[in-house]
Amino acid sequence: MTVRPSGVLYSPQLLSLAVELADYPIRTSAPALGHARSRTCGSTIALSSMSTGVVSEPGLKVAACAVGQAAAAIFARSAEGLTARELQEHLEEIAVWLSGGEGLPRWPRFTALIPARDYPGRHEAIQLPWRAAIDALCKGEGGG
């Protein structure tokens, strides 16, 4: 069976999101630091938060394809004030959608990532920012 892409993967909209990452420099001295790595493509994201209970002033260091960079920018713009539990709920919603579930995830600006759903090799890169933030907040709360 041949998978037909729903749209152009590297659209101008998706590519322009990578520029926004400059607004979110990582702070290695932040009280909450987390990391996530894709097993499928090797992309990595390090995330800093100035609070251990909620995402606060998120900082990112992203080594990923344009899809991973776009996901990180989309994440950073709307993550402020969310807890690890809330992030986990969003991550689960994203995973269901990526696996073919109905209904777009309820994350602002997520529509830019719609074409990437047809590229399973990019699915983990999309999820990395949420995973890195959960890692940071859980470590910050004494969980690791």
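Mentor: Thr44 belongs to strand β2, which covers residues 44-49; strands here are DSSP runs of E with at least two residues, helices are runs of H or I with at least four, and both are numbered from the N terminus. This is a predicted model, in which local features need pLDDT of at least 70 and side-chain atom pairs count only at pLDDT 80 or more, while totals for chains, interfaces and linings use all residues. Residues are numbered from 1 along each chain as its sequence is written, and side-chain values use heavy atoms, with hydrogens and water left out.

With a relative accessible area of 29%, Thr44 is partly exposed; that class lies between buried, under 20%, and exposed, over 50%, using a 1.4 Å probe and protein chains only. Leaving aside residues up to four places away in sequence, Thr44 touches Ala36, Arg37, Lys61, Val62, Ala63 and Leu128, where contact means heavy atoms within 4.5 Å. Pro58, which is 14 residues from Thr44 in sequence, lies 16 Å from Thr44 in space, C-alpha to C-alpha.

The sheet comes next. Three strands make an open sheet in the order β1-β2-β3, with antiparallel pairing; two strands pair if DSSP finds at least two bridges between them. At the edges are β1 (32-37) and β3 (59-63), each of which pairs on one side only. From one strand to the next the twist averages 10°. Between β1 and β2 there are 6 bridges in the antiparallel sense, and Ala36 has Ile45 in β2 as its bridge partner. Helix α2, residues 66-78, packs on this sheet and touches β2 and β3, with its direction at about 170° to that of β3; axes are lines fitted to C-alpha atoms, for helices over the stretch in contact, and angles run from 0 to 180 degrees between N-to-C directions. In general, strands of a sheet pair through backbone hydrogen bonds, either parallel or antiparallel.

Side chains of opposite charge can pair when their charged atoms come close. A salt bridge requires a side-chain nitrogen of Lys or Arg within 4 Å of a carboxyl oxygen of Asp or Glu, and the count by this rule is 7. One of them joins the side chains of Glu124 and Arg39 at 3.0 Å, N to O. Because Glu124 lies in helix α4 (residues 123-143) and Arg39 in the loop between β1 and β2, this pair ties together parts that are 85 residues apart in sequence. Glu124 is buried, at 12% relative accessible area, whereas Arg39 is exposed, at 70%. Glu124 also forms a salt bridge with Arg131, the closest N and O atoms being 3.9 Å apart; Arg131 is partly exposed, with a relative accessible area of 29%. Elsewhere, salt bridges that share partners join Glu20, Arg77 and Arg109 into one network.

Cysteines complete the picture. A search of the whole structure finds 0 disulfides, a disulfide being a pair of cysteine sulfur atoms within 2.5 Å. Cys65 is in none, and the nearest cysteine sulfur, that of Cys41, is 5.6 Å away.
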